[in-house]
Each structure stands twice: as C-alpha cells, then as structure tokens.
Amino acid sequence: MGNPETALTRLGRRLSEEQEALLGRRAHDADARERFVEAALALRAARRPAIARPALGAAALAALAALAACALLVVLGRRPLTLQIGAGEAARVGDAGAWIATPPGQAIPLRFSDGTSFQLEPETKVRVASVASSGARIVLEDGAVQASVVHRPGARWLVDSGPFEVLVTGTRFDVRWSPATEELVVTLAEGSVAVSGPFVGDGLAVRAGQTLRVLRRQASIELRDSDAPDSPPPRPSTSSDAARIEVPAPVDPARSPDGAPPVPGAAPPPPPRAAAPPHAARPSWRELSASGKFKEALAAAEREGFAGLCDTGNAADLRSLADAARLAGDAPRAIAALTALRRRFPGDEHAAEAAFLLGVIAFDAQGEHARSARWFRAYLDERPRGRLAREAAGRLIEALERSRSHAEAQEAARRYLKAYPSGPHAEMAKAIAGE
C-alpha cells in the first residue's frame with residue numbers, strides 16, 4: 001500500500017490543483033461537479049489505509065475534510081445569484097435578459113439571493129441584462145427604482161440609465177431616469193456610488209445625504225447636500241468658559257460710564273460692542289470640491305490663483321481643478337485645466353482622461369461635435385482598454401453622426417457592437433449600423 005503519509009500528501013496536492021483549476025478555467029457547474037465527485041472518490045480510496053493506523057487517521061481525515069470543504073465552497077461560491085421577481089403568490093424566478101414593466105399604481109420588487117433588492121416604482125421599465133456571482137447589471141429604461149445593495153467582498157452592481165452608469169458595491173439609493181427629458185436623479189441614503197456618463201465624466205462620487213441631478217439636454221449638473229439637521233441647543237457655559245470671556249458690566253442709563261450724573265441733553269452712551277468671533281480658516285478649494293461644492297471650490301481656486309495652480313499643480317490636482325470648473329458650469333476654466341494637464345503630463349492616465357473630458361465639454365457644453373469626435377478618438381488611441389473606453393466609443397458614434405460623418409459613424413457603430421454588444425449605446429449603434 002505504500003507510505004500513508006506520502007499518499008496523503010499526494011492527495012492534498014491533487015485537491016489543491018483541482019481548486020486552482022476550477023478558479024482559473026471558470027468551469028461550468030456540470031464540469032465542476034464532475035471534478036468534485038472525482039476528488040471525493042479519491043478521498044474515499046485514501047481513507048481505507050488510515051483505518052489500520054489510528055494515530056494518523058484522525059489528523060488525515062480532518063485535513064482531507066477541510067480540503068474537500070474548500071473545494072465545495074469554490075464550486076458553490078461562484079454560482080450566479082438567483083433572482084425572484086415580485087412577491088407572494090405572484091413571485092416568479094427570473095434570469096439574465098428578463099424584461100420587467102410595472103403597471104400604473106403597482107410597485108414590483110426584485111430580490112436576489114444575496115439579500116440585495118430593487119423596488120421598481122409604478123410605470124417603470126427595466127431589464128436584467130446580466131447576473132453573476134458578484135452582482136448584476138440592471139438597465140433602467142424608464143422610471144425609478146429604490147435599491148438596497150448588500151455589501152460583500154468583490155460585489156459589483158451596475159445600473160445603466162440611458163448613457164449613464166451607476167457603479168455600486170453596497171449601499172441604499174434611489175435612481176430615476178426619464179428618456180423623454182434625458183434627466184437622471186440619484187439620491188443616496190447610505191454609502192456611496194460612482195456615476196459615469198455625459199457631462200459627469202467618470203466615477204463622480206455621490207455620497208450619503210447627497211442628490212445628483214443631471215439634465216443632459218441642458219448640459220446641466222447639480223450635486224447638492226440634503227437639508228442640514230437642526231443645530232444642537234447651546235452648551236451651558238462652565239467656569240472655564242466664564243474665565244475666558246469678559247462680560248462688560250451693565251450700564252445704568254441714568255448715569256454716565258464713569259459714574260457721574262448724566263449731562264442734560266447729551267446722547268446716551270452707545271451699547272458695549274460684542275467681541276468679534278475668532279476668524280475661521282476658509283476651506284481650501286480641494287476640500288470644497290471633495291464635498292461637492294464646485295462653485296465655491298472654483299471661487300477659492302480663483303482667489304489662490306487659477307493660472308498658477310495650472311502651472312504648478314500635480315496631475316491629480318489638475319484633474320480635480322478641471323472637475324470643479326466643469327461641474328460649476330465654467331467650460332473655459334475646465335478646458336484650461338485639462339489642456340494644462342495634457343501638456344504637462346503626457347502619457348499619464350489623468351492626461352488620457354482629460355482628452356475624454358475635453359470631448360464631453362466640446363459635445364455637451366459647446367455643441368462642437370467634430371472636435372468632440374477628435375477628442376474621443378484621442379482617448380481611445382491612448383487607452384483602447386481604459387476604464388472610459390466603452391463610454392468614449394459610444395460618444396464617438398454620437399459625435400460622428402451629429403457632425404454628419406455618416407460613414408465613419410457606421411464603422412464606429414460596428415466596432416462598438418463587436419466590443420460591447422449589450423452596452424448602453426448598443427441600441428443607437430444598431431440603428432446607425434443598420435442592424
């Protein structure tokens with residue numbers, strides 16, 4: 001029978017190799033089950049010689065059981081989430097590609113097996129584009145949803161609304177999209193999301209207590225905080241407080257300040273002046289921009305010297321400065337910061353994204369579609385697999401079609417459909433490509 005310890009080592013190595021193979025090849029469930037059965041049969045064969053050696057058997061069985069459990073977790077943990085549409089007796093199992101439309105006056109819940117749920121408001125149309133073990137991609141065609149996404153390691157949920165994309169890892173939020181008015185509204189109750197799309201750019205953070213409103217046709221964006229809570233009641237003063245504050249003695253209106261009787265006809269003495277509060281330091285333009293106060297951030301940057309910041313800031317600062325100007329509605333200042341970014345940091349990731357944002361500004365804020373197409377092409381040339389590649393490819397189709405470069409638009413549409421067959425610009429690309 002050979003040395004049992006050697007056989008145990010070989011079996012453990014084999015189980016480890018099977019786990020790595022399962023992860024590397026992403027086998028289908030049927031293949032994974034077959035491999036797991038093979039490993040279990042090998043485990044049964046290895047347990048027989050251990051019966052004759054009680055000292056080795058307990059430890060060996062425990063180790064092998066742990067390895068087998070790990071293999072089972074690998075197989076089960078990679079299964080796509082399951083989806084239930086509706087509640088109660090009307091509930092049904094859904095899958096990738098499911099279309100759901102809610103009737104007037106009735107909301108419908110979508111529940112996933114990890115606990116994540118999407119409440120579809122009345123007269124809402126959605127499509128469950130894809131479902132994976134890490135999450136799903138929901139296409140909101142029209143209407144509103146209330147989402148409660150469970151945070152898990154590696155979770156990734158996407159909500160596509162027209163040309164906009166909301167990336168979620170775990171939070172509670174509402175999203176509303178109207179294709180008629182091309183208006184997007186995202187309201188955060190907990191956590192944060194990253195919104196990408198026209199005029200917004202890539203990965204604009206919306207945090208708990210904030211609402212993002214984008215009007216694409218008007219090239220308008222607003223990110224505002226929710227109403228601030230009521231101020232707390234004044235704190236009772238302590239003896240140390242009193243020691244630091246001089247309280248002027250009350251003035252008797254019948255006497256002068258030095259105690260002498262008042263002069264007839266003289267004006268009464270002025271009331272004592274309250275001590276001026278200590279000067280509070282103004283927040284920097286970076287702090288204001290990070291909190292979503294873009295107009296205030298731009299004003300602070302102007303006080304500091306906008307041109308100087310463009311000449312001395314690092315790549316990340318120039319990107320933030322451009323975002324503050326762009327989202328404050330000052331296209332010339334945004335262009336200045338983005339141009340400086342590309343001139344001073346060629347080859348940097350931020351410089352490539354600056355090309356994309358220059359295309360967004362040219363298209364959305366200035367209506368210069370031919371120039372925007374050149375910028376979108378520049379981004380795709382520099383970052384063909386960058387994180388903005390899908391959006392840049394879709395915007396390129398729009399820009400070419402609007403600039404009446406129909407043949408180029410058709411070619412761009414075909415490339416888009418080949419790379420992103422279910423992307424947010426897929427329907428437009430099919431129409432332009434004639435498919």
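**Notebook: helices, rings and buried residues**

I began at R404, which comes just after α12 and takes a positive phi of about 65°. Helices here are DSSP runs of H or I with at least four residues, strands are runs of E with at least two, and both are numbered from the N terminus.

I noted the ground rules. This is a predicted model, where local features need pLDDT of at least 70, side-chain atom pairs count only at pLDDT 80 or more, and totals for chains, interfaces and linings use all residues. Residues are numbered from 1 along each chain as its sequence is written, and side-chain values use heavy atoms, with hydrogens and water left out.

**Entry 1: the whole chain**

I looked up the totals. The protein chain has 14 helices and 15 strands. Of its 435 residues, 40% are buried. Buried means under 20% relative accessible area, exposed means over 50%, and partly exposed lies in between (1.4 Å probe, protein chains only). The chain exposes about 24400 Å², and carbon and sulfur atoms supply 54% of that. Those areas come from the Shrake-Rupley method with a 1.4 Å probe; for residues, only the protein chains shown count as cover.

I then looked up contacts, meaning heavy atoms within 4.5 Å. Among those between residues at least 6 apart in sequence, 48% join residues at least 24 apart.

**Entry 2: helix α12**

I went back to α12, residues 389–402. Its 14 residues should span 20 Å at 1.5 Å a residue, and its end C-alpha atoms are 20 Å apart, which agrees. The expected span is 1.5 Å times one less than the number of residues.

How many of the 14 residues of α12 are buried? I found eleven, so the helix is largely enclosed by the rest of the structure. Among them are E391, R395 and E398. The buried residues of α12 pack against β12 (192–197), α10, α11, α13 (406–419) and α14 (426–433).

R395 also turned up beside a ring. Its charged end sits over the ring of F363, 4.7 Å from the centre. The rule asks for NZ of Lys or CZ of Arg within 6 Å of the ring centre and within 35 degrees of the ring normal.

**Entry 3: helix α11**

I checked α11 next. Its 14 residues should span 20 Å, and the end C-alpha atoms are 20 Å apart, in agreement. Its buried residues include H369, F376 and Y379. The buried residues of α11 pack against α10 and α12.

**Entry 4: aromatic pairs**

I looked for ring pairs. Rings of Phe, Tyr and Trp (its six-membered ring) pair if their centres lie within 6.5 Å; planes under 30 degrees apart count as stacked, over 60 as edge-to-face and the rest as tilted. By this rule I have seven aromatic pairs.

F112 and W157 form an edge-to-face pair, 4.9 Å centre to centre with 80° between the planes. F112 lies in strand β4 (residues 108–112) and W157 in strand β8 (residues 157–161), so the pair ties together parts 45 residues apart in sequence. F112 is buried at a relative accessible area of 5%, and W157 is buried at 0%.

The centres of F356 and Y379 are 6.1 Å apart and their planes at 65°, so this pair is edge-to-face. It links helix α10 (residues 349–365), which holds F356, to helix α11 (residues 369–382), which holds Y379. F356 is buried at 0% relative accessibility, and Y379 is buried at 0%.

I also noted one aromatic cluster made by F112, F118 and W157.

**Entry 5: T116**

T116 sits in the loop between β4 and β5 (117–120). Is T116 buried or exposed? I found T116 buried, at 0% relative accessibility. A polar atom of its side chain lies 3.0 Å from the backbone nitrogen of V150. Leaving aside neighbours within four places in sequence, T116 has contacts that include W157.

I finished with α8. Eleven of its 13 residues are buried, so the helix is largely enclosed by the rest of the structure. N314 caps the N-terminal end of α8, with a side-chain oxygen 3.2 Å from the backbone nitrogen of A316. G329 follows α8 and has a positive phi, near 90°.

R326 is found in α8 (residues 315–327). R326 counts as buried, at 3% relative accessibility. Its side chain joins that of D323 in a polar contact of 3.0 Å. A polar contact is a pair of N or O atoms within 3.5 Å; within protein, one must be able to donate a hydrogen and the other to accept it, and residues adjacent in sequence count only if both atoms are side-chain atoms. Leaving aside neighbours within four places in sequence, R326 is in contact with F199, V200, G201, A334, L357 and I361.
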